[in-house]
Amino acid sequence: MIVRSALLNVMMAAARKAGRGMLRDFGEVEKLQVSMKGTADFVSSADLKAEKTLRQELAKARPGYAFLLEEGGEVAGEDKSHRWIVDPIDGTTNFLHGIPHFAVSVGLERDGEMVAGVVYEPISDSMFHAEKGAGAFLNDWRLRVSARRKMDESVITTGIPHRGRPGQEVFIKELTAVMTNAAGVRRFGSAALDLAYVAAGRCEGYWEHSIKPWDMAAGIVLVREAGGYVTDFEGKGDMLASGDVVAANDQLHAPLLSLLRRAAN
Ligand code: LIP
């Protein structure tokens, strides 16, 4: 029997409540694919609805905490130590296209350090959760990063800078380096779930540039509590500010970071 903290129970209940509404909206989006317009507006309203649910539930449970919201931005709180970092739908483009791979991501920052994270994938009712010092879990199953030690046996996930996003030339160099050394490269479309998959040992590593704090905040805690490492591209802990993230199991983080840095220079 897993005894979870009151804090994690609050985060999980809020994520599940937002996920219930999201599932209904996702069903509508699948129907909208046949219509030539209105899908984007519908998804942005789904995003806003989910974020409103999360903000209401989290504020009710912890009234003084600040927020950093994907849609609502910075919201100050009386409690100067704690900040919720929230992405109501991570994998928005997947959601928009009726691709069933997206998640609710809720992270808690305490005095500048990520200390708890929930990534909830409503399609499969998968609740990835972790709290600093208490381990990482998928529902009630304890998570450990993959034990694979060799890059040529590893699957690495990433994000591809699409139209209008920076870093396309560097990414091609990085992708060439990784795909010529790894067993496989995957692009699933949700940073939060990419990090959750590393924590769950489904993939050995993940890297991406120019993503937002809310994409990665919760997943950072998942990977660390599952025994993995998460850094920026300097090998330090400045991911949220830089937007650059490299995550992997304990054996492959250094080799992956080195491969990427050599490719980029
Ligand atoms: C997404 C990230 C993904 C990245 C996308 C986008 P969103 O977040 O989860 O890893 O490649 O460009 O930033 O916008 O769906 O919350």
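Trainee: Why is the contact between the side chains of Glu153 and Lys150 called a salt bridge?

Mentor: A salt bridge requires a side-chain nitrogen of Lys or Arg within 4 Å of a carboxyl oxygen of Asp or Glu. For Glu153 and Lys150 the N to O value is 4.0 Å, so the pair meets the definition. This is a predicted model, in which local features need pLDDT of at least 70 and side-chain atom pairs count only at pLDDT 80 or more, while totals for chains, interfaces and linings use all residues. Residues are numbered from 1 along each chain as its sequence is written, and side-chain values use heavy atoms, with hydrogens and water left out.

Trainee: What makes Glu153 and Lys150 partly exposed?

Mentor: Buried means under 20% relative accessible area and exposed means over 50%, with partly exposed in between (1.4 Å probe, protein chains only). Glu153 has 40% relative accessibility and Lys150 has 48%, so both count as partly exposed.

Trainee: Which residue forms a salt bridge with Glu204, and is Glu204 buried or exposed?

Mentor: Arg148 is the partner, the closest N and O atoms being 3.0 Å apart. The two lie 56 residues apart and link distant parts of the chain: Glu204 is in the loop between helix H5 (191-199) and S11, and Arg148 is in the loop between strand S8 (141-142) and S9. Helices (H or I, at least four residues) and strands (E, at least two) are DSSP runs, numbered from the N terminus. Glu204 has a relative accessible area of 2% and is therefore buried, whereas Arg148, at 39%, is partly exposed.

Trainee: How many salt bridges does the structure hold?

Mentor: There are eleven. Lys17, Glu57 and Lys60 are linked in a network of them.

Trainee: Why are the buried residues of helix H8 said to be on the same side?

Mentor: The buried residues are His253, Leu256, Leu257, Leu259, Leu260 and Ala263. They cover an arc of only 160° around the axis, which puts them on the same side of H8; the arc is that of the directions from the helix axis to the C-beta atoms. The face turned away from that buried side carries the exposed residues Ala254 and Arg262.
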